[in-house]
Amino acid sequence: MLFRAIVAGLVVAVVSQIADRFPRLGALLLTLPIVSIVAFVAVWWKDQDVGTITRLSRETLILVPLGLPFFVPLAFADKLGLGFWGAFALGIVLASATIGLWFALGPKSVG
């Protein structure tokens, strides 16, 4: 558990440093599912059950697009007249709404 936390923290630190200098490269790194890859390997090492990986993959495949509304206010903050924190909060509200609706109205599990 500690190892996973350290890896996740290092990923965030490295990406934020790169994004300061090279925003496009930072965005590319953010689109890579680095944390997901590490999590899948950790789950595999723990359980070695393809069924668990399959269920986790299906749920992730649904939830990733549902989380994308988070980025909309941040991407258009200047046009919307929002500061960082306003856009950030609105993004959390939008992503929470889409994900919350999925949990409330969608199937109890995918697959």
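## Helix 4 against helix 7

In this predicted model, helix 4 meets helix 7 through Glu 59, Ile 62, Leu 63, Leu 66 and Gly 67 on one side and Ala 95, Thr 98, Ile 99, Trp 102 and Phe 103 on the other.

Two packed helices are described by the angle between their axes and the distance between the axes. Here, helix 4 (residues 50–67) packs on helix 7 at an angle of about 145°, and the axes are 8 Å apart.

## Helix 1 against helix 2

Helix 1 spans residues 2–21 and helix 2 spans residues 23–31; their axes lie 6 Å apart, at an angle of about 150°. Angles over 145 degrees count as roughly antiparallel, and helix 1 and helix 2 are therefore roughly antiparallel to each other.

Helix 1 brings Val 15, Ile 18, Ala 19 and Arg 21 to this contact, while helix 2 supplies Pro 23, Leu 25, Gly 26, Leu 29 and Leu 30. Seven nonpolar residues, one polar and one charged make up the contact of helix 1 with helix 2.

Which residues make the nonpolar surface patch of about 510 Å²? They are Val 72, Phe 76, Leu 80, Leu 90, Val 93 and Leu 94. Helix 7 (residues 84–105) gives the largest share of the patch, with three residues. Another member of the patch, Leu 80, sits in helix 6, which covers residues 77–80.

Conventions. Residues numbered from 1 in each chain as written. Predicted model: local features only at pLDDT ≥ 70, side-chain atom pairs only at ≥ 80, totals over all residues. Heavy atoms only, no water. Axes fitted to C-alpha atoms, helices over the stretch in contact; angles between N-to-C directions. Helix = DSSP H or I, 4+ residues; strand = E, 2+ residues; numbered from the N terminus. Parallel < 35°, antiparallel > 145°, perpendicular 65-115°, else oblique. Contact = heavy atoms within 4.5 Å. Nonpolar A, V, L, I, M, F, W, Y, C, P; charged D, E, K, R; others polar. Patch = residues over 30% accessible without salt bridge, like charges linked within 9 Å, V, L, I, M, F, W, Y side chains within 5 Å. Areas by Shrake-Rupley, 256 points an atom, 1.4 Å probe, with all protein chains shown as cover. Salt bridge = Lys/Arg side-chain N within 4 Å of Asp/Glu carboxyl O.
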